[in-house]
Amino acid sequence: MFERYEAGERAILVHVDFPDENDREDLDELKMLVSSAGATELFVLTASRSSPDSKYFVGRGKADELAEVVRHYEADIIIFNHALSPSQERNIETLCKCRVIDRTGLILDIFAQRARTHEGKLQVELAQLRHLSTRLVRGWTHLERQKGGIGLRGPGETQLETDRRLLRGRIKSITKRLEKVQRQREQSRRARDRAEIPTISLVGYTNAGKSTLFNQLTHSEIYAADQLFATLDPTLRKVELQDIGTAILADTVGFIRHLPHDLVAAFKATLQEAKEADLQLHVIDASDEQCKENVEQVELVLEEIEANELPQLQVFNKVDAVEEYEPHIDRNEYGIPIRVWLSAKTGAGCSLLLEAISELLGHQMVNYHLKIPPRFGHVVGALYQLNCIHKESFEEDGSWLLDVRLQSREWQKLVKKNGPEIETFISQS
């Protein structure tokens, strides 16, 4: 489809400092992204501008300097730490005789490498195609080439138009398949809702330690690494909580500042786990100097997917890398947990996190002392199935005396199934 320069792994990085906070990017984060993508950093070209240049983004003088650097290092690719327009990419490629990708293209490439499941691959391909659809023109040097041959000459479809039509068809096909996947996820969620199983989702900036924490809490061995976007495909596991019982813990894709909108849209089904959860665990790298900015970026993405109104517990991870910080729980003026400090790597403080989760999910727990007549043995059996009986004794007439602790919704289900009469079993003594 493309007539372009051969791609390679030896990269020149370009970073521009802008006075506007909204346009700024982190150079260290770019280096981590490049490393995660598997490229080798040869040289970093920096510049300062008040606003991007419309033709070369960095201005003609810096663009000429960039071309000299590319020739000197014999680089294969130029990676910008910013979003470029299709025309800017094309102009820089023409000048430097070298392939150019922007920050969005770099993130998409990493996602393509990391996707493992069928759904993940579909999501990445959809995001790539949407990104590519605006950049088709730069790959062609023969935009007016017609299909040749007898009967095909004349005002037929140009190659560019053909490719656009094929792209639209592929995007439509993938979108339909992802909609099917989303319906399947919704069915699974409805099944969990019917079973009254609470869902807890891990959200946070990329490389904050979500997958390591996930492994600690669920005793799993999902892939976790000190690199950006190690996790793409959502993983769900059961976790046992005191007083609550079984809950579902979901590990989701990490966020990053200026996360491409195409990616947010493509990963809608995956991010639905974060949107539908009963509780969000916002995992934060306590050792990161840009901790505050990262938290703000995560909140922006949560707002974009309409998941910012859910109950949230902040989890400050990597306290083993921070001096004078011990694992502990921070509570508000009402005694409700709002922050947990821990180390997912060493496991220190993970028990405190489980305690805090149990408290937050257990605020709807009820304690009853019940006196149940012999003819209602089936109710006692139901209570045993819920594993909520803490103490049991018997009256002379054969009645059960039970101390129970269970979720209020479970008690309401018992009342609905067995009739309001069982509410008279509650003893005030």
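Which residues point one way from strand 8, and which the other way? I shall open with that question this morning and answer it once the setting is clear.

The structure before you is a predicted model. The protein has 429 residues, of which 48% count as buried. Its chain forms 13 helices and 15 strands. Among contacts between residues at least 6 apart in sequence, 68% join residues at least 24 apart.

A word on confidence. The average pLDDT of the protein is 80, and 82% of the residues score at least 70. Over residues 1-8, however, the pLDDT is below 50, and this stretch has 26 contacts in the model beyond near neighbours in sequence. Residues 138-149 also stay under 50, with 35 contacts in the model beyond four places in sequence.

Let us return to strand 8, which covers residues 279-285. Leu279, Leu281, Val283 and Asp285 point one way, Gln280, His282 and Ile284 point the other way, and all are buried. In a regular strand, the side chains alternate between the two faces of the sheet. Because seven of the seven residues of strand 8 are buried, this strand is largely enclosed by the rest of the structure.

Strand 8 pairs in the parallel sense with strand 5, residues 199-204, over five bridges. In this pairing, Ile200 stands opposite Leu279. Strand 8 also pairs in the parallel sense with strand 9, residues 312-317, over six bridges. Here Gln280 stands opposite Gln312, and Val283 stands opposite Val315. To pass from strand 8 to strand 9, the chain crosses through helix 10, residues 291-304, and this β-α-β crossover is right-handed.

Four strands form an open sheet in the order 2-1-3-4, with parallel pairing. Strand 2 (40-48) and strand 4 (99-101) stand at its edges, each with a single partner strand, so one side of each has no neighbour in the sheet. Neighbouring strands of this sheet are turned by 20° against each other on average, direction ignored.

Within this sheet, strand 1 and strand 2 run parallel and are joined by eight bridges. Leu13 stands opposite Val44 in strand 2. Helix 1 packs on the sheet and touches strand 1, strand 2 and strand 3 (77-80), its direction making about 160° with that of strand 1. Helix 2, residues 60-73, also packs on the sheet, touching strand 1, strand 2 and strand 3; its direction makes about 165° with that of strand 2.

Between strand 1 (10-17) and helix 1 (27-37) there is a loop, and Pro19 is found in it. Is Pro19 buried or exposed? Its relative accessibility is 55%, and therefore Pro19 counts as exposed. Leaving aside neighbours within four places in sequence, Pro19 is in contact with Arg24, Arg49 and Ser50. Pro19 and Arg49 are 30 residues apart along the chain, while their C-alpha atoms are separated by 7.8 Å.

My last topic is a pair of helices. Two packed helices are described by the angle between their axes and the distance between the axes. Helix 7, residues 210-218, and helix 11, residues 350-361, pack at an angle of about 80°, with their axes 10 Å apart. That angle makes helix 7 roughly perpendicular to helix 11. Leu213, Gln216 and Leu217 in helix 7 meet Cys350, Leu353 and Leu354 in helix 11.

Consider Leu217 in particular, which is found in helix 7. Leu217 counts as buried because its relative accessibility is 7%, under the 20% cut-off. Not counting residues up to four places away in sequence, Leu217 touches Val239, Leu249, Cys350, Leu353 and Leu354. Leu217 and Leu353 are 136 residues apart in sequence and 9.1 Å apart in space, C-alpha to C-alpha.

How values were computed:
Residues are numbered from 1 along each chain as its sequence is written. Side-chain values use heavy atoms; hydrogens and water are left out. Helices (H or I, at least four residues) and strands (E, at least two) are DSSP runs, numbered from the N terminus. Buried means under 20% relative accessible area, exposed over 50%, partly exposed in between (1.4 Å probe, protein chains only). Contact means heavy atoms within 4.5 Å. pLDDT is the predictor's confidence in each residue, from 0 to 100. Two strands pair if DSSP finds at least two bridges between them. A crossover is right-handed if, with the strands pointing away from the viewer, the path from the first strand over the helix to the second runs clockwise. Axes are lines fitted to C-alpha atoms, for helices over the stretch in contact, and angles run from 0 to 180 degrees between N-to-C directions. Angles under 35 degrees count as roughly parallel, over 145 as roughly antiparallel, 65 to 115 as roughly perpendicular and the rest as oblique.
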